[in-house]
Structures are given as structure tokens and as C-alpha cells.
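Subject: Structure handover

Hi,

Here is the structure we talked about. Please load it first, then read my notes below.

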Amino acid sequence: MHSLNTWQPQSLPTEAITLPAELYTSEVIYQLEQRLIFGKTWCYVGHVSQLQGAGSYFTVELAEQPLIIVQDQSNNLRGFFNVCPHRAAPLATDSGKCNRLTCLYHAWSFDLEGNLKGIPDMQEAENFSWADQALTPIQIDTWGPFIFVNLDLNAPPLGNQLGELPELFKSYQFNEWARVHSVDYYTDTNWKLYVENNVESYHEFSVHSSIAKYYKATKAEARHHYYLQYAPFPPDDEYYSMDADLIFSGLGDVEKHGKWTVSLFPNFAWIIRPWIAIIYLIDPQGRSRTRIRWDWLVPDTEAAKSPQNLEPLIQFFDNIQQEDLRLLPAIQKRIQSSGYRPGRLSPTREVGTHLFQELVMRHLTQTVDSK
């Protein structure tokens, strides 16, 4: 592809522009992203509350790769491709609990460590190796209650990609928050357009009237593999009149008096306020189709988990999401038009977009620094 062969890193203040159209429209580019980004980086797949002890599992797709996440009999997390090694049928759907994973097609069964344990009507198969028929594993690790996988068994550990994030946000103690709501959104948009929208504040004053009051005070930085955006609450913010049992205790002054938007390359993000966290799983489902899973976390108090508290919060943030989802397909359409040309990025408001695009291009051209 021409854009990959000619790409060079760009200085944000002096020259950085948006990506060429083919990065959002090309099937070849999308297949490269499946292999070189979603196949080789740590990606978010779920929350530990989706598992309920030994034998529990849930299934998930990541850039069209079918996966299954399992808690084995020793309560260790394990991940596999949700593909039977016999004839590629699924081992499970949705979520549940079991002692063995049993193929839905021909009933081959596997223990929760992925080893083949049962095969009907194969007694006459010669030179059959049970060990060779084990499930294909993937790397799995956690940051607090957040589950990440890497399809590359030789990839560096999750901590390399997280960098400073665990230390920066340790006061939130998200293991103590309750997961109370989950919803999937779909958009006819390339996944990168959704991420780019999520890692800049430039559009907030014009697209999101409900949060425009934070725009001028918003500060952002982008480094390593992540984007950090923070805005302090103005004196008239609702926070200052909220009941204490709706707010997570133990936060420092910065966390107590402002809101964060955080994005970790390639598919994990969150919105954090002292009383709510929305966790993003961004899942490409084609070159112009994206699923976004939102999981809602609140402090683990009866007041915070009550319908009276949750329903207005869900409506408020859903409205913001819908404002973006109404606009992004129109952008996708126009990138595909002959009238599109890359435009200059704002040196102050699009620092996250710039870093994200640089990371995408480094991965696709195989020059990313894994340190």
C-alpha cells in the first residue's frame, strides 16, 4: 500500500495531518490491522465479574477472532481461541459454567486447561496424537478487574503496554467498584474513527452541549500507549451537592474534583468521575463496522447501585454516545468520497489523535518500539 511504504513520523506542531483515506476504507489495511495490531498487542476483552468462579467462562470476539475466557478449577484465568481443533466449530457460546468445554458440533471435549479429554467414534484413527489436538491458547492477564489478552504467545507482558497507568489511577481501586450495567453499541464506522473521536476534546464544545462547560479547562497529554484527558469540576458542578454514599471514598484531591477520559491503545478506554466509570471495549467487526461495549461501574453502595441513581446516569451518557454515533458514519462516508484530503491536526486539542495514528502506522509498518 502506498501510504504504508511512504509513511514517516510527523511532528504534531509543524506538520501532522490525518491519515489517508485508504487507512479507513481498505480491506487490505483492515486485514493487516487484524494481524499486526489486534494479533500482537494487549487488548481488553472483559471484566472479572463476567466470571463466577471455577468452571465459569464467557465468549468474546476481538476483531473477528472468536475467543473464550475461562476460570479453571484452580481459579486461574485462561484464554483460548473458541475454535475446536477438529473442524473449527465453537466450543461454547455466550457465558456459563462447565467442567469441560464440549464442542457444539461433534462433542469433542476439553478440560479447562485446554487438553483434549474425550472424542466419540475415533477408536480406529491411527497415529492420532491427543496432545496435538489441544486448544490453541492465548496470553491473558489483568489490570485490577480488567481482563486483557494477547494472541501472540511471544509478546512482552501486559505491564510493558500499561506503563504508568496502574500507578496513576491506583487510588480508584476499581476492584471495589460494582459492575451494574452493560450495553453494546454498533456503528457503520471504521474502528479508528471511533478511537480518534474518543482521544480528543476538540469536538466537545460543538457536539456535546451537556459537557461543553468543561471544554476550556480541559488539559490533555499523550505518551507511550495512552491518552490522558482531565478537566476540573467548575464551582457549580453537580458533584458539590452529591450525597457522600454516591461517591467513591479514598480519592485524592485531583480525582475528587475532576473527571478523566483515558484511552489505552488499541481498544480500551474509560470515562471516570468520582461516582461513575464507563469502561470501553472497542471491537472492529469489519473495515467499516465497529462494536463498542460499555460496562458501567459505580461505588459498591446500595445508594450508588439504586435505580434512582443509575437511570439518570445511563440516560445522560447514552445521549453523549448517541451524539457521536450520529456523526461518525457521516464522516466515514465522506472519507470514502473523492473530496476527502487529510487535514492538519490541532497541536493542543488533538494530541491523542496524533499519538494513536502514529501507533497505528508504526504497527502496520512494523517499526513500533515494544519497550
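K219 stands opposite Y230 in β13. Their strands, β12 and β13, pair in the antiparallel sense over 5 bridges. On terms: two strands pair if DSSP finds at least two bridges between them. Helices (H or I, at least four residues) and strands (E, at least two) are DSSP runs, numbered from the N terminus. The hairpin of β12 and β13 has 2 residues between the strands, and H224 takes a positive phi there, near 55°.

Before you go on, note that this is a predicted model: local features need pLDDT of at least 70, side-chain atom pairs count only at pLDDT 80 or more, and totals for chains, interfaces and linings use all residues. Residues are numbered from 1 along each chain as its sequence is written, and side-chain values use heavy atoms, with hydrogens and water left out.

The seven-stranded sheet

β12 and β13 belong to an open sheet of 7 strands. Its order is β11-β17-β16-β15-β14-β13-β12, and the pairing is antiparallel. β11 (177-187) and β12 (219-223) stand at the edges. Each has a single partner strand, so one side of each lacks a neighbour in the sheet. The twist averages 15° from one strand to the next. Angles run from 0 to 180 degrees between N-to-C directions, and axes are lines fitted to C-alpha atoms, for helices over the stretch in contact.

Buried means under 20% relative accessible area, exposed over 50%, and partly exposed in between (1.4 Å probe, protein chains only). β13 also pairs with β14 (residues 258-264), antiparallel, over 7 bridges. There, Q229 stands opposite T261.

Further along, β15 (residues 268-273) and β16 (residues 276-284) pair in the antiparallel sense over 6 bridges. W270 has I279 of β16 as its bridge partner. The loop between β14 and β15 holds P266. A cis peptide bond joins F265 and P266, with omega about 0°.

S201 and the helices

Is S201 buried or exposed? It is buried, with a relative accessible area of 2%. S201 sits in the loop between α6 and α7 (204-207). Leaving out residues up to four places away in sequence, S201 touches Y215, T218, Y227, Q229 and R349. Contact means heavy atoms within 4.5 Å. The C-alpha atoms of S201 and V48 are separated by 30 Å, and the two residues are 153 apart along the chain.

The axes of α6 (residues 191-198) and α11 (residues 351-364) come within 8 Å and cross at roughly 145°. This crossing is right-handed. By the rule used, a crossing is left-handed if the near helix is turned anticlockwise from the far one by less than a right angle, and right-handed if clockwise. From α6, the contact takes in W191, K192, V195 and E196; from α11, T353, F356, Q357 and V360. By class, that contact has 4 nonpolar, 2 polar and 2 charged residues. Ala, Val, Leu, Ile, Met, Phe, Trp, Tyr, Cys and Pro count as nonpolar, Asp, Glu, Lys and Arg as charged, and the others, Gly among them, as polar.

The three-stranded sheet

A further open sheet has 3 strands, in the order β6-β7-β8, with antiparallel pairing. β6 (101-102) and β8 (116-118) are its edges, each with a single partner strand, so one side of each has no neighbour in the sheet. 2 bridges join β7 (residues 109-110) to β8. S109 stands opposite G118 in β8.

Two backbone points to check. A107, in the loop between β6 and β7, has a positive phi near 65°. A107 is partly exposed, at 38% relative accessible area. D94, in the loop between β4 (77-81) and β5 (95-97), has a positive phi near 55°. D94 counts as exposed, at 60%.

The whole chain

The protein chain has 11 helices and 17 strands. Of its 371 residues, 52% count as buried. The C-alpha trace spans about 75 × 55 × 35 Å along its principal axes. Residues 24 or more positions apart account for 66% of the contacts with a separation of 6 or more.

Best wishes
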